[in-house]
Amino acid sequence: MALLLAGDIGGTKTILRLVEKTVEGEMKPLYELRYPSGEFPDLVPMVQHFLAEAAVKLDLASVPETACFAIAGPVLNNTAKLTNLPWQLEVKRLEQELGISHVSLINDFVAIGYGVSGLDATDLHTLQVGKLRERDPIAVIGAGTGLGKCFAIPDTNGLRVFSSEGGHGDFAPRSELEFQLLKYLLAKHDIPRISIERVVSGQGIVAIYQFLRDIKFAPESAEVGKIIKQWESEIGKTEKTVDPGATIAKAALEKCDRLSEQTMQMFVEAYGAVAGNMGVTLLPYGGLYIAGGIAAKILPLMEEGSFMRAFTHKGRMDSLLEMIPVHIVLNSNVGLIGAAVCAAGL
């Protein structure tokens, strides 16, 4: 048996999990705690507190053999600086100060890439069965605060996961309404290009809504409009008191606001088209996984058909895309699972 430490480290909260890897290769969670990240000056005292708590609860006498921490930010040369925390993390320092033999830092979306290999059928909702080829590439895409992408190649030791900044590619409109959206965003932000994640993300949902509202596509409801105006008044502030994307999605799911319904239709179609672009780029017959914080929350909108129509609508390549297995990840701890998978391979 091996004792592993997995961490999912964000600017707001950090989740730490102690995992036991059995001789059969099974990953058995032993203990887990969540911490407000900002209450600690560094990761080391947080982990030390966690390990002390776990030692008491589980009557453990040893520290983990390996640890992997998924970081909300870039990881370069075994060093990471979190986007929203003044933490500077470096592998050698963490190994020395924590007394753990092997520590790894990986990007949070790379962790999701590892995590899909640790999911079971109940963690997934299949949009397209396709024709699985177990030795072929795997693609992961996920809209949340931004738009993350990664891909993985199976090898003899499991998966090799590669990061990507594909969410910062150019947004490519496919209809007259999307061309109008592109022009609107270029003018609104006074910038020379629009990235994909300005449309396919939580911020993108709000941007689409504002566009449709401003061109008077449909009347704005008082309830949704109030939340949007409050959010607009808080632009530039660190703390937000409302979540306009969630409000718009909820109204669309309840079919009580035409403006929100059209917003989410445009969002879902753009999401499907971008996922399809990833599909034709990688031909991931090992599966394309839709992660991120949005898809699972709007499941009825994702499965009604427009996502997959946009996904497969690639002209002469339609038949190839129809062969790709497509799944929505339902387990919100997939990144933490991935950190444990990565720790197990160290």
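Valine 75 has alanine 80 of β6 as its bridge partner. Strands and helices are DSSP runs numbered from the N terminus, with at least two residues (E) for a strand and at least four (H or I) for a helix. The model is predicted, so local features require pLDDT of at least 70 and side-chain atom pairs pLDDT 80 or more, whereas totals for chains, interfaces and linings use all residues. Residues are numbered from 1 along each chain as its sequence is written, and side-chain values rest on heavy atoms, with hydrogens and water left out.

Strand β5 and strand β6 (residues 79-81) are joined by two bridges and run antiparallel; strands are taken as paired if DSSP finds at least two bridges between them. Together with β7 they form an open three-stranded sheet in the order β5-β6-β7, with antiparallel pairing. Because β5 (75-76) and β7 (88-90) each have a single partner strand, they stand at the edges, and one side of each is left without a neighbour in the sheet.

Strand β1 (residues 2-9) pairs with β2 (residues 13-21) in the antiparallel sense over eight bridges, and a hairpin of three residues joins the two. Within this pairing, glycine 7 is bridged to leucine 16 of β2. Strand β1 also pairs with β4 (residues 66-71), here in the parallel sense and over six bridges. Leucine 4 has threonine 66 of β4 as its bridge partner, and aspartate 8 stands opposite alanine 70 in β4. Strand β4 is in turn joined to β8 (residues 102-107) by six bridges, and these two strands run parallel; the bridge partner of isoleucine 71 in β8 is asparagine 107.

Burial was assigned by relative accessible area (buried under 20%, exposed over 50%, partly exposed in between; 1.4 Å probe, protein chains only). Seven of the eight residues of β1 are buried, and the strand is mostly covered. In β4, six of the six residues are buried, so the strand is largely enclosed by the rest of the structure. In a regular strand the side chains alternate between the two faces of the sheet. Both faces of β4 are covered, with Thr66, Cys68 and Ala70 buried on one side and Ala67, Phe69 and Ile71 buried on the other.

Cysteine 68 has a relative accessible area of 0%. Its sulfur lies 3.4 Å from that of cysteine 342, the closest cysteine sulfur, which is too far for a bond, a disulfide being a pair of cysteine sulfur atoms within 2.5 Å. For cysteine 150, buried at 1% relative accessibility, the closest cysteine sulfur is also in cysteine 342, at 12 Å and too far for a bond. The count comes to zero disulfides.
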